[in-house]
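Hello,

Here is the structure I promised to pass on.

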Amino acid sequence: MVSLTTLWEIAQAVGLCAVAACLLLCVLSVRPRAGAAGAFPMRVHELLGWLALGAAVLHVGLLLGADHRAVEHLKLTAPRYEYAGILALLTLLFLTVPAGAAIRRRLWPRHRNFQAVHVGAACLLIVTLAVHVVATARYVHGRGRVVAYILLSGIVLLALLRGRTLRQSPQRSRLLGGLVFGRHSRLVLAIVLVSLIALLAMLRGGAALALREPFVRRTDPLVLGFPHDKHRAVNCIQCHHNFTDQSGQDSCISCHRSGRAVIQVGAEARFHDFCLGCHRDPPAYVTGHGPVTGCGTCHAPLSGRR
């Protein structure tokens, strides 16, 4: 029988496959006409889209099955990067279902209109995926990996600007005349540029931490069982800094949920970033540490631990 820890890891790997499939879908050139030179076959493109959607749905389903506490990330109090993940899933659904020939012809009689909407939604997908992946920081953590992923996403966005092989109109600029979107070329180009700016904004210091903040703050804290006996190698003031800087006498959560001007990050974002960061990149003096797998790893009473 597969353990819950293994199931959680499988869910994360499936999510990574869904992201890879989405990036591949956007970067490969597709032409509706069969036999177009250098084009990705439309049927294969559609199949890959359905596989990406299936992997994304499976990713969410497995996470909920592996840890029932993961349902907290589907509530209004979920962090912002989870909202981005949900939006990415809905965008992928929009890119997949209406793209079928029967529905597409009814909604967009002109192929250029469908193409412009499809590319615009693809730009939204790339940006929301970047927000979700970078802020989650599971596979992409550390400055180097973040820069590499943002660079890859930017290349994928630029790849959406397909070049045309037909002779361009003398009235159009060389740049716009080289696009395949017809009268929508300016709009598509603007969407791609705005998306690139959104990606670059994620390189700013503290951007990922800000995305961990919830839109709606929790009124009641989740159960959090912290095994102090397993953290004896860590200096107490690493967490309880208020004993040395005299910044407050209350509990960590009450302080980080207060309206004090010096508190720039809320409790959920601060602790998730601090705890996950230490376990993924521990200081040199910490010789052994366990992986953080699933919400129940921390959000469980100490009496329930084995």
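First, some housekeeping. This is a predicted model, in which local features need pLDDT of at least 70 and side-chain atom pairs count only at pLDDT 80 or more, while totals for chains, interfaces and linings use all residues. Residues are numbered from 1 along each chain as its sequence is written, and side-chain values use heavy atoms, with hydrogens and water left out.

Let me start with the surface. Twelve names make up this list: Trp50, Leu64, Val71, Leu74, Ile86, Leu87, Leu90, Leu93, Val97, Ile103, Leu107 and Leu124 form a nonpolar patch of about 980 Å². Such a patch is built from residues with over 30% relative accessible area and no salt bridge, with nonpolar side chains (Val, Leu, Ile, Met, Phe, Trp, Tyr) joined within 5 Å; the areas come from the Shrake-Rupley method with a 1.4 Å probe, and for residues only the protein chains shown count as cover. At least two patch residues each come from helix 2 (42-66), helix 3 (80-96) and helix 4 (101-107), and helix 3 gives the most, with four. Helices here are DSSP runs (H or I, at least four residues), numbered from the N terminus. Leu74 sits in the loop between helix 2 and helix 3. Its relative accessible area is 46%, so Leu74 counts as partly exposed (buried is under 20%, exposed over 50%, partly exposed in between).

Helix 3 also holds Thr91. Is Thr91 buried or exposed? Thr91 is buried, at a relative accessible area of 5%. Beyond its neighbours within four places in sequence, Thr91 is in contact (heavy atoms within 4.5 Å) with Ala121, Leu124 and Leu125.

Now to the charges. The structure has four salt bridges, each defined as a side-chain nitrogen of Lys or Arg within 4 Å of a carboxyl oxygen of Asp or Glu. One of them pairs Glu9 with Arg138 (2.3 Å, N to O). That pair links distant parts of the chain, 129 residues apart: Glu9 is in helix 1 (residues 4-27), and Arg138 is in the loop between helix 5 (111-136) and helix 6 (143-159). Glu9 is partly exposed at 29%.

Another joins Glu72 to Lys75, with the closest N and O atoms 3.1 Å apart. Glu72 is buried at 14%, whereas Lys75 is partly exposed at 41%.

Best wishes

Conventions: Patches are made of residues with over 30% relative accessible area and no salt bridge: like charges are joined within 9 Å, nonpolar side chains (Val, Leu, Ile, Met, Phe, Trp, Tyr) within 5 Å. Buried means under 20% relative accessible area, exposed over 50%, partly exposed in between (1.4 Å probe, protein chains only).
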